[in-house]
Amino acid sequence: MQPTRNTLSENVRAQSVELLNKHLAAAIDLHAQLKQAHWNVRGLGFIAIHELFDKVSVEAENYSDLIAERAGGLGGTAHGTIQVAVERSFLIPYPLGIADEHQHVFAVAGTLAAFGQSVRDASNQATAFGDADTADLFTEISRGVDHQLWFVESHVAPK
């Protein structure tokens, strides 16, 4: 840990940095999965979904920045390389070789939902070990992910 005048104890800060780095790896993976979908989607709704996936990928990249900057602000080090993301991401691998817009919407929605659930859990964990600000950051990200999930799932015809 780097020296800081942050008033949280070093133990709390270390726990937060570990939790943040876990989610940084997943956020980097999420961004890459969204770009994979953006580059490869095909179908009648191509342009709308292609542009949507690009916008959602920008949001995922923003989550990475928020997470990494919080880790740094706590005196920690953000572990944000692709190699670390590959090693530590808890997201299931994105299915390669698909093109159909419905398959991409299904895959992206599943990944967003999994990431959203994990950041909700992380908010509760950060609260439990005494870092309300990191908990609040995860809650903010959770709201954003839910919003993006709504946009993506809106491309599924109601039954």
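Visitor: Why does Asp146 count as partly exposed?

Guide: Asp146 has a relative accessibility of 37%, and since buried means under 20% relative accessible area, exposed over 50% and partly exposed in between (1.4 Å probe, protein chains only), Asp146 is therefore called partly exposed. The model is predicted, so local features need pLDDT of at least 70 and side-chain atom pairs count only at pLDDT 80 or more, while totals for chains, interfaces and linings use all residues. Residues are numbered from 1 along each chain as its sequence is written, and side-chain values use heavy atoms, with hydrogens and water left out.

Visitor: What makes Arg120 and Asp146 a salt bridge?

Guide: The closest N and O atoms of Arg120 and Asp146 are 3.1 Å apart, and a salt bridge is a side-chain nitrogen of Lys or Arg within 4 Å of a carboxyl oxygen of Asp or Glu, so the pair meets the rule. Arg120 lies in helix H4 and Asp146 in helix H5, so the pair ties together parts that are 26 residues apart in sequence. Arg120, at 31% relative accessibility, counts as partly exposed.

Visitor: Why are H4 and H5 called roughly antiparallel?

Guide: Helices here are DSSP runs (H or I, at least four residues), numbered from the N terminus. H4 (residues 101-128) and H5 (residues 132-153) pack at about 160°, their axes 8 Å apart; angles over 145 degrees count as roughly antiparallel, under 35 as roughly parallel, 65 to 115 as roughly perpendicular and the rest as oblique, and H4 and H5 are therefore roughly antiparallel.

Visitor: How many salt bridges does the rule give?

Guide: The count comes to three salt bridges. One of them joins the side chains of Asp131 and Arg70, with 3.0 Å from N to O. Asp131 lies in the loop between H4 and H5 and Arg70 in helix H2, so this pair ties together parts that are 61 residues apart in sequence.

Visitor: How do you know whether Asp131 and Arg70 are buried or exposed?

Guide: Asp131 has a relative accessible area of 1%, and is therefore buried, and Arg70, at 18% relative accessibility, also counts as buried.

Visitor: What makes Lys35 and Asp54 a salt bridge, and what does the accessibility of Lys35 make it count as?

Guide: The side chains of Lys35 and Asp54 meet at 2.7 Å, N to O, and so form a salt bridge. The pair links distant parts of the chain, with Lys35 in helix H1 (residues 10-40) and Asp54 in helix H2 (residues 46-73), 19 residues apart. Lys35 has 16% relative accessibility and therefore counts as buried, whereas Asp54, at 28%, counts as partly exposed.

Note on methods:
Axes fitted to C-alpha atoms, helices over the stretch in contact; angles between N-to-C directions. Helix = DSSP H or I, 4+ residues; strand = E, 2+ residues; numbered from the N terminus.
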